[in-house]
Amino acid sequence: MDNIKYELTESDIPHTWYNPAYDVGGIAPILDAATREPVSREALARSMPPALVEQELSLEPEFEIPEPVRQLYAQWRSTPLFRARRLEKALDTPARIYYKFEGVAPTGSFKPNTALAQAHYNKLAGKTGLVGETGAGQWGSAVALAGALFDMKTKVFMVRVSFEQKPYRRTLMETYGSVCTASPSTETESGLAVLAERPDHPGSLGVAKSEALQFALANPEYGYTRGSGLNHVCAHQSVIGQEAVKQFELADDYPDIVVGAAGGGSNLAGLAFPFLRKKLAGGRDIRLIAVEPAACPTLTRGRIAYDHADSAGLTPLFRMHTLGHKFIPPAVHAGGLRAHNIAQVVSRAVEDGLMEAVAVRQNDCFEAGVLFARAEGIVPAPESTHAIRGAVTEALRCREEGVGKTILLGLSGHGDFDLVAYQKYLAGTLSDDALSDQALQDGLDSIPSPVLV
């Protein structure tokens with residue numbers, strides 16, 4: 001039989017997380033929004049356990065994975081690496097296509113890799129509850145699962161458009177015992193302010209982040225959790241790429257191209273940075289490609305600037321690609337990619353030419369997602385269809401050039417809860433949600449005055 005699946009054993013689960021800040025030679029300091037001076041550890045610790053503050057600011061190459069977290073990882077890790085032979089045939093390409101499938105996690109996506117870690121550290125810090133924001137619901141589901149496994153209360157603010165589009169994600173959170181609230185809500189000052197200005201606001205990750213952070217500050221027994229973006233979150237996701245490196249040894253192959261969906265950046269970093277580390281250490285050359293929605297083009301049309309990670313400006317300032325913290329993205333179904341900003345480590349990699357970025361339209365992504373489902377049997381999450389679109393484009397280029405390159409894509413989750421979006425696509429009613437020049441400019445205008453570093 002042709003090899004299709006490459007699997008590791010529980011003993012192969014990594015013992016450490018890779019620190020992506022080490023791989024890009026460090027990132028710009030986080031600044032206090034008022035003083036424009038580097039933020040102190042004490043200030044960060046107001047919304048983050050001390051252990052995560054250290055990981056966030058560290059330049060050490062790796063961090064040890066606590067044994068309780070690693071033991072919980074064993075419930076679904078290591079995740080499989082598949083050779084997409086049927087997709088290769090459908091595309092008639094000489095390229096070899098592989099996908100690392102994170103959809104086998106209990107919640108159906110890669111998010112528990114960091115949710116369990118954050119729950120562990122918050123509980124050690126004396127917290128009895130967890131709160132977070134979620135776009136499409138993957139992060140909220142992971143927080144709810146982590147709360148259940150660590151016996152902690154959970155509260156999730158879910159972007160309103162996804163709250164309405166994805167009722168089963170909401171039900172999953174509630175099944176785990178979480179309270180799920182549509183954002184913007186009337187439960188926080190920031191939510192009320194947004195609704196006062198625009199009662200029909202569809203919500204955004206920035207708004208939901210403001211609400212979750214405000215809730216945490218008002219309820220100190222709750223620890224605030226981050227679904228993407230920050231350095232320690234990207235580090236926790238490095239288990240994905242570390243496993244993939246080992247699995248390519250089993251396949252006796254190695255990728256020429258690694259493609260990932262780009263939203264907040266943690267899944268992309270988790271898959272790509274372990275390969276980048278090998279390249280920077282003198283290993284084989286490799287292209288890393290970030291694929292983002294044309295409706296939320298942070299890397300391709302945003303600016304590199306110091307900006308807030310939330311809409312209300314409650315967070316410190318991070319130097320990164322941003323569309324402006326008040327940017328309101330169109331209501332695309334890839335809710336996990338509707339972020340105005342991206343992880344500093346990913347932004348730095350793109351800025352330094354270590355990673356490429358492309359923007360793709362929603363219908364083109366769903367076209368690739370349906371092709372993938374019919375060839376490989378897995379219905380991908382809307383976010384993952386962006387990585388698939390990028391991989392398909394590269395595979396077709398291989399066909400045109402007659403070159404058999406190896407392509408690895410990150411299948412960050414399944415789309416079993418996203419069938420409404422597929423229903424619209426199949427019926428021909430799925431819009432591309434084009435981004436207007438005015439909406440883009442309004443977002444960019446919200447970037448704070450320039451900071452010189």
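These are some friendly notes on the predicted model above, point by point.

1. First, the ground rules. Residue numbers start from 1 along each chain as its sequence is written, and side-chain values use heavy atoms, with hydrogens and water left out. Because this is a predicted model, local features need pLDDT of at least 70 and side-chain atom pairs count only at pLDDT 80 or more, while totals for chains, interfaces and linings use all residues.

2. Let us begin with the salt bridges, defined as a side-chain nitrogen of Lys or Arg within 4 Å of a carboxyl oxygen of Asp or Glu. The whole structure holds 22 of them. One joins Lys 155 to Glu 187, with 2.7 Å from N to O. Lys 155 belongs to strand β7 (residues 153-159) and Glu 187 to the loop between β8 (179-183) and α10, so this pair ties together parts that are 32 residues apart in sequence. Helices here are DSSP runs (H or I, at least four residues), as are strands (E, at least two), numbered from the N terminus.

3. The two partners sit in unlike surroundings, judged by relative accessible area (buried under 20%, exposed over 50%, partly exposed in between, with a 1.4 Å probe and protein chains only). Lys 155 is buried at 7% relative accessibility, and Glu 187 is partly exposed at 46%. Lys 155 has a second contact worth a look: it lies over the face of Phe 157, at 5.1 Å from the ring centre. The rule for a charge over a ring is NZ of Lys or CZ of Arg within 6 Å of the ring centre and within 35 degrees of the ring normal.

4. Asp 256 and Arg 284 meet at 3.1 Å, N to O; Asp 256 is in the loop between α13 (238-251) and β10 (257-261), and Arg 284 in the loop between α14 (266-280) and β11 (287-293), 28 residues apart. Asp 256 is partly exposed at 23%, and Arg 284 is partly exposed at 45%. In the other bridge, the closest N and O atoms of Asp 432 and Arg 361 are 3.3 Å apart. Asp 432 lies in the loop between α19 (419-427) and α20, and Arg 361 in the loop between β14 (356-360) and α17 (362-376), so the pair ties together parts 71 residues apart in sequence. There is also a network of salt bridges linking Arg 77, Lys 100, Glu 102 and Glu 243.

5. On to the aromatic rings. Rings of Phe, Tyr and Trp (its six-membered ring) pair if their centres lie within 6.5 Å; planes under 30 degrees apart count as stacked, over 60 as edge-to-face and the rest as tilted. That gives 11 aromatic pairs. Among them, Phe 215 and Tyr 222 are edge-to-face, 5.1 Å centre to centre with 80° between the planes, and both residues are buried. Elsewhere, ring pairs join Tyr 6, Tyr 98, Phe 248, Tyr 254 and Phe 275 into a cluster.

6. Next, the second largest pocket, with a volume of about 430 Å³. On a 1 Å grid over the protein atoms alone, a pocket is an open set of points with protein on both sides within 12 Å along at least five of seven lines, a cavity is a set where a 1.4 Å probe fits but cannot get out, and lining residues have an atom within 4 Å of a point. Of the 18 lining residues, Val 194, Glu 197, His 201, Lys 326 and Ile 328 are the closest to the pocket centre. Helix α10 provides the largest share of the lining, 4 residues.

7. Finally, the cavities: there are 2 of 30 Å³ or more. The largest holds about 60 Å³ of space, and its lining includes Gly 206, Lys 209, Phe 327 and Arg 338. Gly 206 is in helix α11 and is buried at 5% relative accessibility. Gly 206 and Asp 310 are 104 residues apart in sequence but 4.1 Å apart in space, C-alpha to C-alpha. The second largest cavity holds about 30 Å³, and α14 gives the most to its lining, with 4 residues.

Notes
Grid points are joined across faces, edges and corners, and a volume is the space filled by probe spheres set on the points.
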